[in-house]
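The exercises below are meant to be worked through with the sequence and the model side by side. Try each task before reading the solution that follows.

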Amino acid sequence: MGTVYTVAAYGRDAEFLAETVNEVFEEVDRLDAQMSNYKPASELSHINREAAREDVVVEPQLFGLIQLCLHLSEDTGGAFDITVGPLMKAWGFFRGQGRVPSPQEIRDVLKDVGYGHVHLDAERRTIHFDEPGIELDLGAKAKGYAVDRAVEILKENGISSALVSSGTSSIYALGAPPGEKGWKISLRDPFDQNKAAETVVLKNFSLSTSGNYERFFKVGEKIYSHIMDPHTGMPVEGVISTCAFTERTTDSDGLSTALYVLGLEASRKYLARHPNIAAIFYLPSSAEKTLRRVSLQSASYQLPPGALVEIEK
Ligand code: AMP
Ligand code: MG
């Protein structure tokens with residue numbers, strides 16, 4: 001998944017904690033081996049090679065994750081779309097340094113993009129693409145999913161205070177450090193990775209960030225980021241970063257990407273219709289290296305018992 005997983009955990013028995021955290025890393029490795037589109041032997045690569053030719057049976061948890069992704073696509077009018085694989089390649093984000101494809105190339109590639117080409121059969125647990133060239137890319141949700149799996153393992157082993165993160169992009173705060181009300185998490189300054197732009201406090205809740213500084217290339221002063229607008233085939237412009245807060249990390253990961261593509265106004269509408277989401281947008285402002293910060297919250301917002309989310313309004 002091209003990222004570093006970190007677990008900080010509190011408990012009475014250091015040896016037991018270390019063993020449990022090792023179990024977490026084994027599970028993360030297993031998920032990486034399953035969902036990577038860089039590894040030819042992964043289940044995802046197998047699906048991408050075969051699903052246009054025949055129905056492919058999918059492992060139950062991966063099937064569930066793909067279902068969630070397609071659901072988010074429908075819910076966001078296709079702003080979120082795991083069939084962006086061919087676009088990522090065209091823009092040089094797959095094993096590449098980045099390149100600008102011609103308008104004709106983008107039009108051609110867009111024929112191979114569209115979640116509507118992906119068909120799931122829940123009874124047989126199979127996937128089928130109705131066109132060759134379709135490719136799944138779980139980059140926007142798999143990291144959050146792995147964080148949730150890690151948290152499940154920690155909980156199963158009785159650990160009630162831990163912070164699990166995948167790089168700086170997806171984080172779950174389990175319980176709180178001893179004597180604290182929650183985990184303090186710094187959101188980085190988009191212009192300086194060593195500086196914090198703000199701090200949030202979380203307990204039994206997740207946050208995920210999507211930012212134009214994570215993977216990008218520059219041509220002159222123009223930044224081309226790794227998040228695609230599946231409708232235009234172009235990297236999204238006009239957003240520096242989005243941060244989504246939800247109970248499950250799988251959801252905040254998918255949402256940070258989806259809100260990034262939707263932009264501020266469509267995201268407001270999305271949060272009016274969907275409960276229990278908080279979000280922060282960092283948008284460019286007219287002065288160089290400054291940003292405009294907007295925080296949003298679902299119209300219906302009620303945290304589950306035991307959860308804490310402190311964000312500056
Ligand atoms: P994230 O950092 O979680 O926002 O995920 C970004 C990654 O998701 C990219 O590197 C692509 O692999 C993938 N991606 C890019 N654009 C989209 C999109 N519109 N919908 C779903 N996944 C995307
Ligand atoms: Mg994401």
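**Exercise 1. Which residues does Val4 touch, not counting residues up to four places away in sequence?**

Solution. Not counting residues up to four places away in sequence, Val4 touches Ser165, Ser166 and Gly167, where contact means heavy atoms within 4.5 Å. As for its place in the chain, Val4 is found in the segment before strand S1 (5–9); helices (H or I, at least four residues) and strands (E, at least two) are DSSP runs, numbered from the N terminus. The next step is accessibility: Val4 counts as exposed because its relative accessibility is 59%, given that buried means under 20% relative accessible area, exposed over 50%, and partly exposed in between (1.4 Å probe, protein chains only). Finally, the C-alpha atoms of Val4 and Ile47 are separated by 25 Å, the two residues being 43 residues apart along the chain.

A note on conventions: this is a predicted model, in which local features need pLDDT of at least 70 and side-chain atom pairs count only at pLDDT 80 or more, while totals for chains, interfaces and linings use all residues. Residues are numbered from 1 along each chain as its sequence is written, chains are lettered from A and ligands numbered from 1 in the order in which they are written, and side-chain values use heavy atoms, with hydrogens and water left out.

**Exercise 2. Describe how helix H1 (residues 14–35) and H6 cross.**

Solution. Begin with the geometry: the axes of H1 and H6 cross at roughly 150° and come within 9 Å, the axes being lines fitted to C-alpha atoms, for helices over the stretch in contact, with angles running from 0 to 180 degrees between N-to-C directions. H1 and H6 are therefore roughly antiparallel to each other, since angles over 145 degrees count as roughly antiparallel, under 35 as roughly parallel, 65 to 115 as roughly perpendicular and the rest as oblique. The crossing of H1 and H6 is right-handed; a crossing is right-handed if the near helix is turned clockwise from the far one by less than a right angle, and left-handed if anticlockwise. On the H1 side the contact is made by Thr20, Glu23, Val24, Glu27, Leu31 and Met35, and on the H6 side by Ala142, Tyr145, Ala146, Arg149, Ala150, Ile153 and Leu154. Sorted by type, the residues of this contact of H1 with H6 are nine nonpolar, one polar and three charged, where Ala, Val, Leu, Ile, Met, Phe, Trp, Tyr, Cys and Pro count as nonpolar, Asp, Glu, Lys and Arg as charged, and the others, Gly among them, as polar.

**Exercise 3. What are the angle and the axis separation at which H6 and H7 pack?**

Solution. H6 and H7 pack at an angle of about 165°, and their axes are 7 Å apart. H6 and H7 are therefore roughly antiparallel to each other, and their crossing is right-handed. From H6, the residues Ala142, Lys143, Gly144, Tyr145, Val147 and Asp148 meet Thr249, Thr250 and Asp253 of H7. The contact of H6 with H7 divides into three nonpolar, three polar and three charged residues.

**Exercise 4. Which atoms coordinate the magnesium ion (ligand 2)?**

Solution. The magnesium ion (ligand 2) is coordinated at 2.1 to 2.7 Å by Ala140 (O), Asp253 (O), Asp253 (OD) and Thr257 (OG1), donors being N, O and S atoms within 2.8 Å of the metal (3.2 Å for Na, K and Ca), with water not among the atoms, so sites may look incomplete. Ala140 lies in the loop between strand S4 (126–129) and helix H6 (142–156) and Asp253 in helix H7, so the pair ties together parts that are 113 residues apart in sequence. Asp253 counts as buried because its relative accessibility is 3%.

**Exercise 5. Is His226 buried or exposed?**

Solution. His226 is found in the loop between strand S11 (222–225) and strand S12 (228–229). At 16% relative accessibility, His226 counts as buried. Leaving aside neighbours within four places in sequence, the contacts of His226 are with Met88, Phe93, Gly211, Glu214 and Arg215. Of these, Glu214 lies twelve residues from His226 along the chain, and their C-alpha atoms are separated by 7.9 Å.
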